[in-house]
Amino acid sequence: MNMAIAGLFAGMALAFAGYFGGFGAFLLVAALGAIGFVGGRFLDGDLEPGDLFRRRDDRRG
C-alpha cells in the first residue's frame with residue numbers, strides 16, 4: 001500500500017472520529033494513530049529507540 005492511500009485512510013478515520021465522537025475522540029484517534037505509526041516503524045527496523053531520545057547536539061560520526 002503506498003503512503004497516499006495510507007494517508008487517505010488515516011484522514012478518513014480522523015474525520016469519522018471527529019464527526020461522530022467529537023473533538024475528544026478525534027484527539028484519541030490521532031494519538032493512538034501516532035503511537036501505532038511509531039511502533040510500526042520500530043517493528044520494521046526503520047527507527048531505533050535512541051533516535052527518539054538523542055539530544056540535538058549529539059552528532060553521528
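A residue is called buried when its relative accessible area is under 20%, and exposed when that area is over 50%, with partly exposed in between. The model considered here is predicted.

By this criterion Ala-17 counts as buried, because its relative accessibility is 13%. Ala-17 is found in helix α1, which covers residues 3-44. Beyond its neighbours within four places in sequence, Ala-17 is in contact with Gly-22, Ala-25, Phe-26 and Val-29. A further distance concerns Ala-30, which is 13 residues from Ala-17 along the chain: the C-alpha atoms of the two are separated by 9.3 Å.

The aromatic rings form a second topic. A pair of aromatic rings is described by the distance of the centres and the angle of the planes. Three aromatic pairs are found in a search of the whole structure. One of them joins Phe-16 and Phe-20 in a stacked arrangement, at 6.0 Å centre to centre and with 5° between the planes. Both residues lie in helix α1, four residues apart, which is about one turn of the helix. Phe-16 is partly exposed, because its relative accessible area is 49%, whereas Phe-20, at 61% relative accessibility, counts as exposed.

Phe-20 also forms an edge-to-face pair with Tyr-19, in which the centres are 4.9 Å apart and the angle between the planes is 85°. Tyr-19 counts as exposed, because its relative accessibility is 68% and the threshold for that class is over 50%. Through ring pairs, Phe-16, Tyr-19 and Phe-20 are linked into a cluster.

Notes. Residues numbered from 1 in each chain as written. Predicted model: local features only at pLDDT ≥ 70, side-chain atom pairs only at ≥ 80, totals over all residues. Heavy atoms only, no water. Helix = DSSP H or I, 4+ residues; strand = E, 2+ residues; numbered from the N terminus. Buried < 20%, exposed > 50% of the residue type's maximum accessible area, 1.4 Å probe, protein only. Contact = heavy atoms within 4.5 Å. Phe/Tyr/Trp six-rings, centres within 6.5 Å; stacked < 30°, edge-to-face > 60°.
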